[in-house]
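The structure under discussion is shown below.

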Amino acid sequence: MAPVTVFGSAVFANAARVLACLEEVGAEYQVVEVDYMAQEHKGPDHLARNPFGQIPAFQDGDVMLFESRAIAKYVLRKYTKPSQEDLLREGNLEEAAMVDVWTEVEAHHYFPAIAPIVYECVVYPARLGMAPNQEVVNESLQKLRMVLDVYEERLSKNKYLAGDFFSLADLSHFPYTFYFMTTSHASLLDAYPNVKAWWERVMERPSVKTTSAGMVLRA
């Protein structure tokens, strides 16, 4: 079987989400670089893959997908072997529902709070040579604290977000949290011991170690 193709390397956080899932299931894949600085993602070839001009895009035979969270679910549904952990928990209705809940929380609460900090403190300085907009950072840190208050309570009762099992809900948090932890604001997690312990467990996953090795932003 020909390997699947991910258009966009692990340096792009949303591509990293997809690559980590591929690593989890051991699927064969290839990465096609997309030159962000040359605006290749806005060119006709990439727009044919992702009409919104975002990274990543994903191809598996005749199937072409975009939106990293949807791609992640596709990968896990198609390529998880019977002997492997089901990160979607689709064999158990209640567990699957909790995976869905916390995957949605990541997309609609966690990501909007943490992403501006990553862009201001990591992406823009590396890609554009810009200093962080401290007002944006401060506002986002306040939003992130409010989200982490909820996470701290949740993780005081469960080892992972959806329950006492690792799932896509946890893995989906990995890319932006990884970049956040390279900033001067990483110590924020010290105030949330259960969140910090959870993050350390996530970072121990072989898929996360492999994927994060490629997450080095350069100008």
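## Basis of the description

A salt bridge is a side-chain nitrogen of Lys or Arg within 4 Å of a carboxyl oxygen of Asp or Glu. The model described here is predicted.

## A salt-bridge network around E106

The structure holds 10 salt bridges. Among them are those that link R17, R69 and E106 in a network.

In one of these pairs, R17 and E106 form a salt bridge in which the closest N and O atoms are 3.3 Å apart. R17 belongs to helix α1 (residues 13-25) and E106 to helix α4, so this pair ties together parts that are 89 residues apart in sequence. Both R17 and E106 are buried.

E106 also forms a salt bridge with R69, with the closest N and O atoms 2.7 Å apart. This pair joins distant parts of the chain, since E106 is in helix α4 and R69 in helix α3, 37 residues apart. The relative accessibility of E106 is 2%, and E106 therefore counts as buried. R69, by contrast, has a relative accessible area of 23% and is partly exposed.

## The pair K78 and D60

A further salt bridge brings together the side chains of K78 and D60, at 2.9 Å from N to O. K78 lies in helix α3 (residues 68-79) and D60 in strand β3 (residues 57-60), so the pair ties together parts that are 18 residues apart in sequence.

The accessibility of the two partners can be stated in turn. K78 counts as partly exposed because its relative accessibility is 42%. D60 is buried, with a relative accessible area of 8%.

## Packing of helices α4 and α5

Two packed helices are described by the angle between their axes and the distance between the axes. For helix α4 (residues 93-128) and helix α5 (residues 134-155), the axes come within 8 Å and cross at roughly 150 degrees. Angles over 145 degrees count as roughly antiparallel, and α4 is therefore roughly antiparallel to α5. The crossing of α4 past α5 is left-handed.

On the α4 side, the residues in contact include M98, W102, V105, E106, H109 and Y110. Those of α5 include V136, V137, S140, L141, K143 and L144. By class, this contact has 17 nonpolar, 2 polar and 4 charged residues.

How values were computed
Residues are numbered from 1 along each chain as its sequence is written. This is a predicted model: local features need pLDDT of at least 70, side-chain atom pairs count only at pLDDT 80 or more; totals for chains, interfaces and linings use all residues. Side-chain values use heavy atoms; hydrogens and water are left out. Axes are lines fitted to C-alpha atoms, for helices over the stretch in contact, and angles run from 0 to 180 degrees between N-to-C directions. Helices (H or I, at least four residues) and strands (E, at least two) are DSSP runs, numbered from the N terminus. Angles under 35 degrees count as roughly parallel, over 145 as roughly antiparallel, 65 to 115 as roughly perpendicular and the rest as oblique. A crossing is left-handed if the near helix is turned anticlockwise from the far one by less than a right angle, and right-handed if clockwise. Contact means heavy atoms within 4.5 Å. Ala, Val, Leu, Ile, Met, Phe, Trp, Tyr, Cys and Pro count as nonpolar, Asp, Glu, Lys and Arg as charged, and the others, Gly among them, as polar. Buried means under 20% relative accessible area, exposed over 50%, partly exposed in between (1.4 Å probe, protein chains only).
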